[in-house]
Amino acid sequence: MTIGVPLAELLVSFLIVLGAGFALIGSWGLVRLPSLMERLHGPTKATTLGLGAMLVGSVAWFQLVRGEWTTHELLVSVFLFVTAPISANMIAKVHLHRERQGEPSAQPGPAGVPAPPPGGTDWATHSAPQLGSPGDFVGD
Amino acid sequence: MIAYALAIGFGMLGLALVMNLWRLFKGPGVADRILALDTMVINAIGIIVLIGIAGGSGISFEAALLLAMVGFVGTVAYAKFCLRGDIIE
């Protein structure tokens with residue numbers, strides 16, 4: 001790769017400012033949005049995307065300006081992009097669980113209280129794992 | 001130019017951390033606080049990445065990787081404790 005150092009600095013600066021801006025937007029959504037189900041969107045999407053932009057900027061900085069490959073950033077970004085939906089799912093389940101247990105929370109969001117799943121059952125947070133589903137500890 | 005971009009980035013991430021701290025203190029439910037802590041960990045990883053660019057050494061990316069893994073495990077442990085009353089059943 002032979003692009004000039006000023007162009008590389010321009011690219012890296014753009015990526016850093018873009019990433020930090022997305023992180024700021026994610027935290028602003030965390031402060032501003034009305035209920036937890038909406039608040040989850042800010043950190044899990046905007047902040048993760050912003051951190052991805054900053055990590056790509058870091059890879060470009062070390063490659064284009066200093067001429068060395070670093071792969072730690074790619075490892076960090078892959079790990080974050082894999083784990084963000086999992087932690088968001090766990091937090092949403094905690095929210096459903098506490099709400100059904102009667103924790104006084106803020107006013108419900110624009111979408112209202114989440115409906116129960118189809119089939120006359122309750123969300124899986126409230127009952128023991130059913131036989132035949134993962135986590136039933138049969139045969140462990 | 002990179003110095004200005006780094007200064008703007010540090011400012012934005014610091015402001016984002018303050019917002020997360022506000023949600024951590026205010027947030028009406030336990031899930032809000034877990035979410036605020038998770039976001040604080042992610043923003044701290046961003047600050048470590050910017051420090052790595054500013055310092056010019058790749059040595060701080062091990063810290064970023066470690067923080068990513070420990071932050072995820074911590075979030076899942078909090079959520080699991082709230083859901084089941086125990087972390088490892």
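Colleague: How do helix 1 of chain A and helix 2 of chain B lie to each other, roughly parallel or roughly antiparallel?

Modeller: This is a predicted model. In it, helix 1 of chain A and helix 2 of chain B, residues 30-55, pack at an angle of about 165 degrees. Angles over 145 count as roughly antiparallel. The two helices are therefore roughly antiparallel to each other.

Colleague: How far apart are their axes?

Modeller: The axes are 11 Å apart. Helix 1 of chain A passes helix 2 of chain B in a left-handed crossing.

Colleague: Which residues make the contact?

Modeller: From helix 1 of chain A, they include A:Gly19, A:Ala23 and A:Gly26. From helix 2 of chain B, they include B:Ala36, B:Asn43 and B:Gly46.

Colleague: How many are nonpolar, polar or charged in that contact?

Modeller: This helix contact has six nonpolar, six polar and no charged residues.

Colleague: Zoom out. How many residues of each chain are in contact?

Modeller: In chain A, 47 residues are in contact with 45 residues of chain B.

Colleague: Which helix of chain A gives the largest share of that side?

Modeller: Helix 1 does, with 16 residues. By class, the side of chain A touching chain B has 26 nonpolar, 15 polar and six charged residues.

Colleague: New topic. What is the secondary structure of chain A?

Modeller: Chain A has four helices and zero strands. Along the sequence, the pattern reads α-α-α-α.

Colleague: How much of chain A is buried?

Modeller: Buried residues make up 34% of its 140 residues.

How values were computed. Residues numbered from 1 in each chain as written. Chains lettered and ligands numbered in written order. Predicted model: local features only at pLDDT ≥ 70, side-chain atom pairs only at ≥ 80, totals over all residues. Contact = placed C-beta atoms within 7 Å. Nonpolar A, V, L, I, M, F, W, Y, C, P; charged D, E, K, R; others polar. Axes fitted to C-alpha atoms, helices over the stretch in contact; angles between N-to-C directions. Parallel < 35°, antiparallel > 145°, perpendicular 65-115°, else oblique. Left-handed = near helix turned anticlockwise from the far one by under 90°. Buried ≥ 20, exposed ≤ 12 C-beta atoms within 10 Å, placed from the backbone.
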